[in-house]
Amino acid sequence: IAIGVFFVFAWVNLVGTLAGLVLAHPLMATPFVVVTTLSGLQGFDMNQEKVARSLGARRLAAFIQVTLPQIRPSVISGALFAFITSLDEVVIALFISGGENSTITKRMFNALRDEIDPTIAAISSILIVVSLSIVLLALLLAQGRSAGAAAR
């Protein structure tokens, strides 16, 4: 995929630019967002949005007030998948970015290849701590919700 993206971006002069890097990452993350959001929409009752529309709500208002709250977990999951995929993607960054327009993963890869630096270990430790913190926070929130639902 990275080679294909590289050739297309080279053809339109986006290699080595920030715009090319910003466009390349959503290409990799879009399937994750689509799959998780579609799974949330399969459990959604479309009649509720139709009722909101029949009561005078515009399409955008009906989507924001009725549909989005019901599919919010799948949208958040898709956003997290997209973020993690983008953060982890070093191959596309190697092909597309250049100069000052590079990602932290590309700089880490180059630093591992070229020099021995304790900064990489520090950044890796920070990424692990942030990842574990997000997982623990999600577990605590889920536990709080289940306890709150059991109390009702």
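## Aromatic pairs

The structure, a predicted model, holds three aromatic pairs; rings of Phe, Tyr and Trp (its six-membered ring) pair if their centres lie within 6.5 Å, with planes under 30 degrees apart counted as stacked, over 60 as edge-to-face and the rest as tilted. One of them joins Phe-6 and Phe-95, a tilted pair at 5.9 Å centre to centre with 55 degrees between the planes. Phe-6 sits in helix 1 (residues 2–11) and Phe-95 in helix 5 (residues 91–96), so this pair ties together parts that are 89 residues apart in sequence. Helices here are DSSP runs (H or I, at least four residues), numbered from the N terminus. Phe-6 has 25% relative accessibility and counts as partly exposed, and Phe-95, at 32%, counts as partly exposed too. For these labels, buried means under 20% relative accessible area, exposed over 50%, and partly exposed in between (1.4 Å probe, protein chains only).

Phe-32 and Phe-81 also form a tilted pair, because their ring centres are 6.1 Å apart and their planes meet at 35 degrees. With Phe-32 in helix 2 (residues 18–42) and Phe-81 in helix 4 (residues 59–88), the pair ties together parts that are 49 residues apart in sequence. Phe-32 is partly exposed at 37%, and so is Phe-81 at 41%. Ring pairs also link Phe-6, Phe-7 and Phe-95 into a cluster.

Ala-2, Val-5 and Phe-9 are buried in helix 1. Down the helix axis, the buried residues fall within an arc of 65 degrees, so they line one face of helix 1; the arc is that of the directions from the helix axis to the C-beta atoms. An α-helix has 3.6 residues a turn, so residues three or four places apart point the same way.

The buried residues of helix 1 pack against helix 2 and helix 5, where contact means heavy atoms within 4.5 Å. On the other side of helix 1, Phe-7 and Trp-11 are exposed. Asn-13 follows helix 1 and has a positive phi, near 60 degrees.

## Notes on the model

Residues are numbered from 1 along each chain as its sequence is written. In this predicted model, local features need pLDDT of at least 70 and side-chain atom pairs count only at pLDDT 80 or more, while totals for chains, interfaces and linings use all residues; side-chain values use heavy atoms, leaving out hydrogens and water.

Methods
Helices (H or I, at least four residues) and strands (E, at least two) are DSSP runs, numbered from the N terminus.
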